Each structure stands twice: as C-alpha cells, then as structure tokens.
Amino acid sequence: MTDASESRSVSTRFRILVEIASRQPSVQQKDVARELGITVQAVSERMKELVAAGLVVSRSRSSYSVTPSGVDWLLRHARELESYSERISRIVRDISVTAALGDCNLTRGQKVALEMRDGLLRARPWSDGAPASGIAVANTDAGTDAGITRIEGVIPLVVTEVVVATLPTVQDGGSRHADAPRLRRLVQKSSFVASMAVESLVALRLAGVEPHNRWASPAAVIEAASSGLSCVLVCTEADLPRVSERLAEAGLQFSVVDLSLPTADVA
C-alpha cells in the first residue's frame, strides 16, 4: 500500500509535470513554485528527480520539456486520478441523502421517480421515461418525508417570472390609493404571495388576500421562485429599487405592475 509520503511525492511530481507541460520550453522554477504553493528549492529538487527519471529533459537553467516517457507517466496517473475521482463521486452519491415528500408509501430500496411540484421535491413510484430517479433509504408512509439516495438524472425545474406589484407609500395615500380589484385578480394567478411593509399588507387584506410571507420577503420570493412557484411580491414604490436589485442579483426575471389608482378614482 502506498504510504502518505510516497503519495505526496507522486502528487507533487504530477503537478510539476503538468506545469512544465503547460509552460515548456521556457519554465521558470519560481513561477512553478508560486503556482503550487511550495518553495523554489522544493521545485528544484523535484526537477532534478524528473530529469534523472527520464521524464523531463533540461536544455538550460530555464528550459525544460516533458519527454515521451513523461507524457506516458502523466497520462497513466491522470487516468488513475480520474478513476479515483469517479469512485469518490459514486461513494458520495450513495451516502448522500436528500429529503423528498412521498406521494405514496415507499419501501426501503425502492426505485422512485423525482419531480418538483408546488415548490417541493416529490417522490413517486418509478415509471419509464421519468427524467430523474433515486432510491428510498427506508420504509415511509405517503405524505411524509422520505430519505432518497443515489439520485440520477436531471430534475426538471421551471423558474417562473416574479410579478412585483407596487403601490404608493402611506405619505401618498398607501393602501387607500391601491387598486384592490386588480390586486385580487393578480394574486389569483399566483402560488406564493409576499408583502413588504404595512401598506402592502393592508392592501392585500383589503383585496381579501392574506400573504404567505410578511418578513424578509425578497429572500422568500427568491427561494419560492427558484423552487418553481409563481410569485407576487407587493411593495411600495419606495421599496421597488431595493426589491429590483435583489431579484436581479438572484438572476430572476420579473415584471412590475403599478397598482396606483388614477387621481380621479381616489375618493
């Protein structure tokens, strides 16, 4: 079995050979040392070993090239590294467990199909053609949280556009100057409604709607939209720049609807 010191030596040799191959024929030991985070002396010693082993040829103090034997050595160890990396990925995949809501009773070891629905990861019996699959880690009842491992495939997820509905601040009339019927129609098409500030909460309640969220609403909407829920965020005109910035930073598409009533319509 390879001991730790030998493993470190092989790792350093591999990294130096890669650096030489990428820089040849003009190779500065100080540049290699800086890239690898080791001393110039260590690089110099390894260079001498590589030359002695026939993996590198030196034509001058700063001219090095990888020999055909060096290329073969690199490729062999690269394949070993790739194989090891794949093994680690399989191990991590097998021990990683993700929670999903079971659509039915599941048994340990059962293969399931996975999908995002209503903003939650769902597990149901496997059927051919399902884009993503996993294995249940324990017996669970329908409607409870199920541990899923060995997930494969791509879970389809449509990130929806967020609708930002604005109304005046209280100084400019607040909820009294908001179009309640229009707001009611707007939220009827949405799966997740959030309010920001007192004016927005009152406007929603006047429209007969209780929001799903009233705190840290931009963050909540970002999370909900990223989980595939259609969202409406109601805020004041003063809060719009801050909300727009947060949504843009999260990479979400959004549209803005002005709920302000025309002056003539305000009693």
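Me: Hi! Is Arg34 buried or exposed?
Reply: Arg34 counts as exposed, with 60% relative accessibility. Keep in mind that this is a predicted model.

Me: Thanks! Which residue does Arg34 form a salt bridge with?
Reply: Its partner is Asp31, and the closest N and O atoms are 2.7 Å apart.

Me: Where do Arg34 and Asp31 sit relative to each other?
Reply: Both belong to helix 2 (residues 29-36), and because they are 3 residues apart there, about one helical turn separates them.

Me: How many salt bridges does the count come to?
Reply: The count comes to 10 salt bridges. One of them joins the side chains of Glu210 and Arg205, at 3.0 Å from N to O. Glu210 is partly exposed at 46% relative accessibility, and Arg205 is partly exposed too, with a relative accessible area of 45%.

Me: Let's switch to strands. Which strands make up the closed barrel?
Reply: The barrel has 5 strands, in the order 3-5-4-6-7, and the pairing is mixed. On average, neighbouring strands of this sheet are turned by 55 degrees against each other, ignoring direction.

Me: Do strands 6 and 7 pair in the parallel or the antiparallel sense?
Reply: Antiparallel: strand 6 (residues 132-136) and strand 7 (residues 145-153) pair over 4 bridges. Ala136 stands opposite Ile148 in strand 7.

Me: And strand 9, which way do its residues point?
Reply: Phe192 and Ala194 point one way from strand 9 (residues 192-195), while Val193 and Ser195 point the other way. All of them are buried.

Me: What is the bridge partner of Val193 in strand 10?
Reply: That would be Val232. Strand 9 and strand 10 (residues 231-236) pair in the parallel sense over 4 bridges.

Me: Last topic, helices. At what angle do helix 7 and helix 8 pack?
Reply: Helix 7 (residues 217-226) and helix 8 (residues 240-249) pack at about 30 degrees, with their axes 10 Å apart. Their crossing is right-handed.

Me: Which residues meet there?
Reply: Pro218, Ala219, Val221 and Ile222 in helix 7 meet Val243, Arg246 and Leu247 in helix 8. The residues of this contact divide into 6 nonpolar, no polar and 1 charged.

Note on methods:
Residues are numbered from 1 along each chain as its sequence is written. This is a predicted model: local features need pLDDT of at least 70, side-chain atom pairs count only at pLDDT 80 or more; totals for chains, interfaces and linings use all residues. Side-chain values use heavy atoms; hydrogens and water are left out. Axes are lines fitted to C-alpha atoms, for helices over the stretch in contact, and angles run from 0 to 180 degrees between N-to-C directions. Helices (H or I, at least four residues) and strands (E, at least two) are DSSP runs, numbered from the N terminus. A crossing is left-handed if the near helix is turned anticlockwise from the far one by less than a right angle, and right-handed if clockwise. Contact means heavy atoms within 4.5 Å. Ala, Val, Leu, Ile, Met, Phe, Trp, Tyr, Cys and Pro count as nonpolar, Asp, Glu, Lys and Arg as charged, and the others, Gly among them, as polar. Two strands pair if DSSP finds at least two bridges between them. Buried means under 20% relative accessible area, exposed over 50%, partly exposed in between (1.4 Å probe, protein chains only). A salt bridge is a side-chain nitrogen of Lys or Arg within 4 Å of a carboxyl oxygen of Asp or Glu.
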